[in-house]
Amino acid sequence: MRIYVVIVLQFIIWSGFTLIEWISEHDQLIYKVIMFFVFFYLAFLIGNEVTKSKRKTLFITVLSLVIYTSIHYTMAQFMH
């Protein structure tokens with residue numbers, strides 16, 4: 001059950017990243033990369049607080065990022 005909670009929380013974090021990236025569309029790439037690492041670190045910290053395992057948290061964080069990205073780009077393909 002903890003894994004599902006972490007995935008839902010991380011989906012909320014990735015959605016926030018997408019929203020902020022959309023708002024700052026005219027920023028330079030380096031700032032977007034830094035912002036991505038800040039959100040990744042935030043997702044990792046929250047996941048680690050719930051699971052208490054760094055290895056499991058890293059796997060869940062990468063998995064949630066891959067799932068969110070694939071859903072995001074699939075929806076973008078259908079909208080355009």
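**Burial, helices and surface**

Mentor: Val6 is buried, with a relative accessible area of 1%. Buried stands for under 20% relative accessible area, exposed for over 50%, and partly exposed for what lies in between, with a 1.4 Å probe and protein chains only as cover. The model is predicted, so local features need pLDDT of at least 70 and side-chain atom pairs count only at pLDDT 80 or more, while totals for chains, interfaces and linings use all residues. Residues are numbered from 1 along each chain as its sequence is written, and side-chain values use heavy atoms, with hydrogens and water left out.

Trainee: Where is the place of Val6, and which residues does Val6 touch, not counting residues up to four places away in sequence?

Mentor: A contact is defined by heavy atoms within 4.5 Å. Val6 sits in helix α1 and touches Gly47, Val50, Thr51 and Ile60, residues up to four places away in sequence not being counted. The C-alpha atoms of Val6 and Phe44 are separated by 9.4 Å, although the two residues are 38 apart along the chain.

Trainee: How many helices and strands are there in the chain?

Mentor: Helices are DSSP runs of H or I with at least four residues, strands are runs of E with at least two, and both are numbered from the N terminus. Here there are 3 helices and 0 strands, and the pattern along the sequence is α-α-α. The C-alpha atoms fill a box of roughly 40 × 30 × 15 Å along the principal axes. Of the 80 residues, 29% count as buried. Among contacts between residues at least 6 apart in sequence, 59% join residues at least 24 apart.

Trainee: What span should α1 and its 22 residues have at 1.5 Å a residue?

Mentor: The expected span of a helix is 1.5 Å times one less than its number of residues. For α1 this gives 32 Å, and the end C-alpha atoms are 32 Å apart, which agrees.

Trainee: Which residues of α1 are buried, and what covers them?

Mentor: The buried residues of α1 are Val6, Ile7, Gln10, Ile13, Trp14, Phe17 and Thr18. They lie on the same side of α1, because they cover an arc of only 145 degrees around the axis; the arc is taken from the directions from the helix axis to the C-beta atoms. On the other side of α1, Tyr4, Val8, Ile12, Trp22 and Ile23 are exposed. The cover of the buried residues includes α2 and α3. As one case, Thr18 is buried at a relative accessible area of 18% and touches Tyr68 and His72, not counting residues up to four places away in sequence.

Trainee: Which residues of α3 are buried?

Mentor: In α3 the buried residues are Thr57, Ile60, Thr61, Ser64, Leu65 and Tyr68, and what covers them includes α1 and α2. Leu65 touches Trp14, Phe36 and Phe40, not counting residues up to four places away in sequence. The C-alpha atoms of Leu65 and Val5, 60 residues apart along the chain, are separated by 15 Å.

Trainee: Which residues form a nonpolar patch on the surface?

Mentor: Patches are made of residues with over 30% relative accessible area and no salt bridge; like charges are joined within 9 Å, and nonpolar side chains (Val, Leu, Ile, Met, Phe, Trp, Tyr) within 5 Å. Accessible areas come from the Shrake-Rupley method with a 1.4 Å probe, and for residues only the protein chains shown count as cover. The patch here is formed by Met1, Tyr4, Val5, Val8, Leu9, Ile12, Leu42 and Ile46, with about 790 Å² of accessible area together. Its largest share, 5 residues, comes from α1, while α1 and α2 each supply at least two. Ile46, in helix α2, counts as partly exposed at 32% relative accessibility. The chain exposes about 6,100 Å², of which carbon and sulfur atoms supply 72%.

Trainee: With which residue does Lys52 form a salt bridge?

Mentor: A salt bridge is a side-chain nitrogen of Lys or Arg within 4 Å of a carboxyl oxygen of Asp or Glu. By this rule the count is 1. Lys52 pairs with Glu49, the closest N and O atoms being 3.6 Å apart. Lys52 is exposed at a relative accessible area of 58%, and Glu49 is exposed at 56%.
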